[in-house]
Structures are given as C-alpha cells and as structure tokens.
Amino acid sequence: QVRLTESGGGSPQAGGSLRLSCLASESTYSSSYMAWFRQAPGSERVWVATLYRPNSRDYYTYYDASVMGRFTISQDNVKKTLYLQMNNLKPEDTAMYYCAAASSPGIEYRVSNDYNFWGRGVQVTVST
C-alpha cells in the first residue's frame, strides 16, 4: 500500500527551527525521487527540495533558491523516513508542507505533476 505520512509541523517564531518527517511505506520509500513541496494560502504548490537516489548507495540533494542554506533534506533508510530540517525560519516559509515520491526515472524533479505519491501535508506557521 502506498503511503506517505508527514509529521512535525508547528508554529515557530521567525529565526527558529523545525524538523518535518515523512514516514514512507516500504514500496514508496524505494522511489528514486523523494521531495518536499509547500503551498501557501491562495498560492500554487511549489517545490522546496528533492533527494534523488539513482541507486542504493548514492544520493543527491537539490534545493530551491529560497531555502538554500537554511533547509536540509535527508533520509533515514532504517526508519524509511524522509526529513526536512528547517532553520532560520521566516514568515514567508508559512505554508502547508507536502512530502512526495516518484518512482519513474528521469523526471523533472521541480515539477509537482511528475510525482505520483503524496502525503496529506502538515502545517508550518512562522510568526514574527
């Protein structure tokens, strides 16, 4: 059964930190691409970061410019969990954050339509 379950959302103050988790089912965690997207009220869902695994040993990470240097995407293969460590949070980081996975090779990893598995999302609200 395909399943992605996010957790760790909250309401930190600006400058604070938060770590999001995405627990994946066995089949979903084997996906080549796993990513985080976010959607602010009244806005489209936008890409945040991707972790790409071309094989069982190597992985590569990619970030949107707006979060580069502040957010870190990582994985725990034992726990089958994807993480998003968010530091130096800003009010503009406020959004619903979604975990996504794609099993097909050669996708455009910034494009939400290329991901075929999604979690339900978790809310992050950053206050001033």
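Q: Buried means under 20% relative accessible area; how much of the chain do buried residues make up?
A: The model is predicted. In it, 42% of the 128 residues in the chain are buried.

Q: Why is serine 21 called buried?
A: The cut-off for buried is under 20% relative accessible area. Serine 21 has 15%, so it counts as buried. This residue lies in strand E2. Beyond four places in sequence, serine 21 touches Thr5, Glu6, Ser7, Trp36, Thr81, Leu82 and Tyr83.

Q: Why is asparagine 88 called partly exposed?
A: Its relative accessible area is 43%. Exposed would require over 50% and buried under 20%, so asparagine 88 is partly exposed. Asparagine 88 is found in the loop between E7 and E8. Its phi is positive, about 45 degrees, although the residue is not a glycine.

Q: Where is the place of lysine 80, and what is its phi?
A: Lysine 80 sits in the loop between E6 and E7. Its phi is positive at about 55 degrees, although lysine 80 is not a glycine.

Q: What makes a set of residues a nonpolar core, and which residues have the most contacts inside the largest one?
A: The members must be buried, of the nonpolar types counted, and joined through side-chain atoms within 4.5 Å. The largest such core has 26 residues, and Leu20, Trp36, Leu84, Met86 and Tyr97 have the most contacts inside it. At least two core residues come from each of strand E2 (18-24), strand E3 (33-39), strand E4 (45-52), strand E6 (71-76), strand E7 (81-86), strand E8 (95-102) and strand E10 (122-124). A second core of 9 residues is separate, and includes Ala100, Ala102, Ile107 and Tyr115.

Q: Which residues does tyrosine 97 touch, leaving out those up to four places away in sequence?
A: Among them are Leu20, Trp36, Leu84 and Met86. Tyrosine 97 also touches Glu6, Phe37, Arg38, Val48, Phe71, Gly121, Val122 and Val124.

Q: How many helices and strands are there in the chain, and what pattern does the chain follow along the sequence?
A: The chain has 1 helix and 10 strands. Their order is β-β-α-β-β-β-β-β-β-β-β. Of the contacts with a separation of 6 or more, 57% join residues 24 or more positions apart.

Q: How do you know that the chain agrees with a compact globule?
A: For 128 residues the globule rule gives a radius of gyration near 14 Å, and the chain has 14 Å, so the two agree. The C-alpha trace spans about 40 × 30 × 25 Å along its principal axes.

How values were computed: Residues numbered from 1 in each chain as written. Predicted model: local features only at pLDDT ≥ 70, side-chain atom pairs only at ≥ 80, totals over all residues. Heavy atoms only, no water. Buried < 20%, exposed > 50% of the residue type's maximum accessible area, 1.4 Å probe, protein only. Helix = DSSP H or I, 4+ residues; strand = E, 2+ residues; numbered from the N terminus. Contact = heavy atoms within 4.5 Å. Rg over C-alpha atoms; globule rule 2.2 N^0.38 Å.
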